[in-house]
Amino acid sequence: MAAKKEVIVIGGGASGMMAAICAARQGSRVMLLEKEEKPGRKLLATGNGKCNFTNEYQAIECYYTKDKAFVSSVLEQFGKTETLAFFQELGIYPMEKNGYYYPRSGQAESVVRLLQRELARLGVTVKCKEKVTGLEAFGEGFRVETSTYVYEGKRVILAAGGKASPALGSDGSSYSLAQAAGHRITALYPGLTGLVSKEPYFPRLAGVRARASVCLLENGTFALEETGEIQLAAYGVSGIPVFQLCHRACEVLAEGKKTELLVDFLPELTQEAFETYLEDLRLLNPGLKRKELLYGLFDRKLSDVLAEKGGKTLRFSVQDSRGFEQAQVTAGGIPLSEVSSETMESRKMPGLFLTGELLDVDGICGGYNLQWAWSTGFLAGTAAGKTSDTKKADGKR
């Protein structure tokens, strides 16, 4: 039996490290259990390795949630301003680009390294390669079981993430721990990933990048629209606009509705204006085939396909997403009604705190999922770390 701790944090991702730091800053003795070789492995991959850790623009519309008031309350307590201040104190000089914040180093590794340094400075015990297999209330606290040890703690913060990107450590095991504590888990979907179509022209378009508007259709009816650069692949479509629609597309698929995308590769022109432009061009260049008229507008491979389709749009059915293996985040999770928006404490099991991707909230691309991790980790760690029998500290240098 290991020495007792006042706070045990399960999971060494973004929200777990934030929670451990904040709990230790309250003066509590903290242990962090991480099943990977080092904390922060998934964090290293964020923002294509550059770590887009928050965004200047913060609005509730940037988060998929059934409880907007809950999410707003959390972000009001610890939002973008507080996040920037927290990381600047650690030594991260923020660089803003079109509202997206990155470390000035351009490396996610900088964020992970400085979080790890702060854990060490505060005396947090970090135990890696410790996969938690059981969690139960025990006496006035909890027993946390791994394949090797049984740890005891007065309070537990469950910050082990969802099931997106299992290769980086998110295997979904946290859900069974939450269920053992009495929590429900909503339907889970892959978020921020590509969508799969069986249209035969996609292998021909593999590798093409293009700016387009992308409309999601549910049983033929308009649902959502996003605009930006998309990537065409042999399996279908990817890119930020597609990622933004992925959550709803997966829900529509699960509901058994016909799920389609309507992609307009020249949204600035109506179809009529587009045809007029081509006709004028044809008069100036008699004898050119339709696809040749498109070469000045689109990638050559895309021009060939659009010429065959007779327009500037492609409308196709979606059969699936690329799954949790390729997803950046999990959509769905523990209902917010089962958690306190002030402290992240479980309403099912007092003394247990829940953070980040484990909850039924997910953000769009742009640093929003990391902001949710920082915000919930801060609230959970601060609340769990406050005790009546330990000397509190403000964590300042």
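Predicted model: local features only at pLDDT ≥ 70, side-chain atom pairs only at ≥ 80, totals over all residues.
Here is a short chat about strands, salt bridges, cysteines and a pocket in this structure.

Student: OK, strand β1 then: how many of its residues are buried?
Tutor: Helices (H or I, at least four residues) and strands (E, at least two) are DSSP runs, numbered from the N terminus. Buried means under 20% relative accessible area, exposed over 50%, and partly exposed in between, with a 1.4 Å probe and protein chains only. Strand β1 covers residues 5–10 and is mostly covered, the buried count being 6 of 6.

Student: Which residue in β2 is the bridge partner of Val9?
Tutor: Two strands pair if DSSP finds at least two bridges between them. β1 runs parallel to β10 (residues 150–158) with 5 bridges, where Ile8 has Val156 as its bridge partner. β1 also runs parallel to β2 (residues 30–34), with 4 bridges. In β2, the partner of Val9 is Leu32.

Student: There's also an open sheet with the order β3-β6-β5. Which strands are its edges?
Tutor: That sheet has 3 strands with antiparallel pairing. β3 and β6 (residues 100–103) pair over 2 bridges, and Thr54 has Tyr101 in β6 as its bridge partner. The strands that pair on one side only are the edges, β3 (54–55) and β5 (94–97).

Student: How many disulfides are there?
Tutor: The rule asks for a pair of cysteine sulfur atoms within 2.5 Å. Cys22 is buried at a relative accessible area of 4%, and Cys51 is buried too, at 0%. The sulfur of Cys51 is 14 Å from the closest cysteine sulfur, in Cys365, which is too far for a bond. By this rule the count is 0.

Student: And what is the nearest cysteine sulfur to Cys22?
Tutor: Cys22 is in no disulfide. The sulfur closest to that of Cys22 is 16 Å away, and belongs to Cys51.

Student: Which strand holds Glu260, the partner of Arg315?
Tutor: The side chains of Arg315 and Glu260 meet at 3.1 Å, N to O. Arg315 is partly exposed at 46% relative accessibility, whereas Glu260 is buried at 7%. Arg315 lies in strand β17 (residues 313–317), and the two are 55 residues apart in sequence, so the pair ties β17 to the strand of Glu260, β16 (residues 259–264).

Student: Asp264 and Lys312: buried or exposed?
Tutor: Their side chains meet in a salt bridge at 2.7 Å, N to O. Asp264 is in strand β16 and Lys312 in the loop between α10 (300–309) and β17, 48 residues apart. Both residues are buried.

Student: Last one: which element supplies the largest share of the lining of the second largest pocket?
Tutor: On a 1 Å grid over the protein atoms alone, a pocket is an open set of points where a 1.4 Å probe fits, with protein on both sides within 12 Å along at least five of seven lines; lining residues have an atom within 4 Å of a point. This pocket has a volume of about 320 Å³, and of its 15 lining residues, those closest to the centre include Glu61 and Tyr63. β4 (63–64), β14 (221–233) and α7 (240–254) each supply at least two lining residues. The largest share, 4 residues, comes from α7.

Key:
Residues numbered from 1 in each chain as written. Heavy atoms only, no water. Points joined across faces, edges and corners; volume = space filled by probe spheres on them. Salt bridge = Lys/Arg side-chain N within 4 Å of Asp/Glu carboxyl O.
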